[in-house]
Amino acid sequence: MVNSNLKQSRIFNRLKQSKTGLWSVRILLVLILIAIFSNFLANDKPLYCQLNGKTHFPVFKSWLVDLGIGGWDKELVNADWKKLEYESVIFPPVPYLPTTQDLYNRGCVSPFANQNVPSLRWKHWMGTDRLGRDVLAGMIHGTQTALLVGLISMFIASIIGLLLGGLSGYFGNNNFRPDRASVFSYSLGFLFFIWWAILGRSRHWLFAEMEGNLMSEVFIRVFLFGIMLLLAFIVSKLLKRISFFRKDMVIPIDSLVLRLIEVFKSLPGLLVILALISLLDQPSIFYVMAIIGLLRWPGIAQYLRAELLKIREMEYIQSARVLGFSDWRIILRHALPNAMTPVFITIAFGIASAILLEAFISFLGIGLAPEDVTWGSLLNDARQNFSAWWLALFPGLAIFITVTIFNLIGDALRKG
């Protein structure tokens, strides 16, 4: 039987054989580190401080507060961290949040202009926007937003594409026979998740407490998705005790998936995104991720289906069937790993496309809360002040580099 790890290792070998692909991965790792530690790189709170004989880690504490795990001491709830008298203190490299307004440097101050700051420590190295917000802080936190939009939207697309493409390519029209209990429980679970975790977001206290923290919102929705799968599994097991729900259903999954792909591919993606965003009462970057993910799955499903149509007839798949392995074990352990190379290529190009699309939407000034700062929103500020070249140069360069490295990674996988 073919070792399924063999083709998986080829993906990494393709990147190693391409210098541009390898350097793109290295740059991507740097961007990921910046995104993960953005709060520790740019923040108006200290990383460490000693105050009134007590040791504090305000940046880490604020992260716990956003997650609802901890709370601030009474004397620090509305503290102005720059004016406190510390016994010792360490501020982040950039002592500003992207939303922090420097009233003394409003009106788009250039990075080379004389800035009204108390010392070099507080200098705005990439200048400020019209509200006095630090551009470098916006660039750092914008990295987190850009990567999350690309990765989360394609994660959503991948789940849908792998599920539908895998079922379509492996089972065809006549071999997909799930029991009624599974169809009912998982369908109901998905509908409930979409309504409760996405459409009903603003009506629930759980999301209200997470408001404004992108990482927290993403984490809680992934957690809820896992809970949904677990509950659907439990419900299906309980329903199987009833004879009606134990019966199998023959579903022509291949024809259904092909029709869905045709419908979604015929939709003008950008217009659909703009139309859906305009209908939302409360703008959020999470909605942008979800909508992009729901529109980008057909490419993944198509490539996976085409690969599985070939792989399901190979000898090692037939041998696994003769040995009595279940269909799901064959798919997950043997068929799917050997069909993932074109899928990874599609995902790499899809992430680049999603980042570019989010930047364009932010540039138009829609789909985001007013306080959100992204690379696209910085470009939007540049449109209102043509002399502020730094508002166009730095975010434009960041978008170009990020989109290019994902394209180069996809190109390296394709040519390898």
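Is C108 buried or exposed in this predicted model? C108 has 11% relative accessibility, so it counts as buried.

**View 1. The whole chain, an overview of a predicted model.** The chain holds 18 helices and three strands. Its C-alpha trace spans about 75 × 50 × 40 Å along the principal axes. Of its 416 residues, 48% count as buried. Take the contacts between residues at least 6 apart in sequence: 74% of them join residues at least 24 apart.

**View 2. The cysteines C49 and C108.** C49 has 0% relative accessibility and therefore counts as buried. C108 is buried too, because its 11% relative accessibility falls under the 20% cut-off. A disulfide is a covalent bond between the sulfur atoms of two cysteines. How many disulfides does a search of the whole structure find? The search finds zero.

**View 3. Helix α5 against helix α18.** Two packed helices are described by the angle between their axes and the distance between the axes. Helix α5 covers residues 135-171, and helix α18 covers residues 389-415. Their axes come within 11 Å and cross at roughly 30 degrees. That angle is under 35 degrees, so α5 counts as roughly parallel to α18. The crossing of α5 past α18 is right-handed. On the α5 side, the contact uses V135, M139 and L147. On the α18 side, it uses W390, L391, F394, P395, A398, T402 and F406. By class, this contact has nine nonpolar residues, one polar residue and no charged residues.

**View 4. Helix α5 against helix α12.** Helix α12 covers residues 285-295. The axes of α5 and α12 come within 7 Å and cross at roughly 40 degrees. From α5 come T145, L148, V149, I152, S153, I156, A157 and I160. They meet I285, M289, A290, I292, G293 and L294 of α12. The contact of α5 with α12 divides into 11 nonpolar, three polar and no charged residues.

**View 5. Helix α11 against helix α16.** Helix α11 covers residues 269-278. Its axis and that of α16 come within 12 Å and cross at roughly 50 degrees. At that angle, α11 is therefore oblique to α16. The crossing is right-handed. Which residues make the contact between α11 and α16? L270, I273, L274 and I277 come from α11. L357, F360, I361 and L364 come from α16. The class count for this contact is eight nonpolar, no polar and no charged.

**View 6. T346 and S353 on helix α16.** Helix α16 covers residues 341-364. T346 counts as buried, because its relative accessibility of 16% is under 20%. What does T346 contact beyond its neighbours within four places in sequence? Its partners are M154, G299, I300 and Y303. S353 has a relative accessible area of 27%, so it is partly exposed. The C-alpha atoms of S353 and N407 are separated by 9.0 Å. Along the chain, S353 and N407 are 54 residues apart.

View 7. I366 lies in the loop between α16 and α17, and α17 covers 375-384. Its relative accessibility is 31%, so I366 counts as partly exposed. Leaving aside neighbours within four places in sequence, I366 is in contact with L274, I277 and I361. L274, I277 and I361 also take part in the contact between α11 and α16. I366 and V59 are 307 residues apart along the chain. Their C-alpha atoms are separated by 30 Å.

Note on methods
Residues are numbered from 1 along each chain as its sequence is written. This is a predicted model: local features need pLDDT of at least 70, side-chain atom pairs count only at pLDDT 80 or more; totals for chains, interfaces and linings use all residues. Side-chain values use heavy atoms; hydrogens and water are left out. Axes are lines fitted to C-alpha atoms, for helices over the stretch in contact, and angles run from 0 to 180 degrees between N-to-C directions. Helices (H or I, at least four residues) and strands (E, at least two) are DSSP runs, numbered from the N terminus. Angles under 35 degrees count as roughly parallel, over 145 as roughly antiparallel, 65 to 115 as roughly perpendicular and the rest as oblique. A crossing is left-handed if the near helix is turned anticlockwise from the far one by less than a right angle, and right-handed if clockwise. Contact means heavy atoms within 4.5 Å. Ala, Val, Leu, Ile, Met, Phe, Trp, Tyr, Cys and Pro count as nonpolar, Asp, Glu, Lys and Arg as charged, and the others, Gly among them, as polar. A disulfide is a pair of cysteine sulfur atoms within 2.5 Å. Buried means under 20% relative accessible area, exposed over 50%, partly exposed in between (1.4 Å probe, protein chains only).
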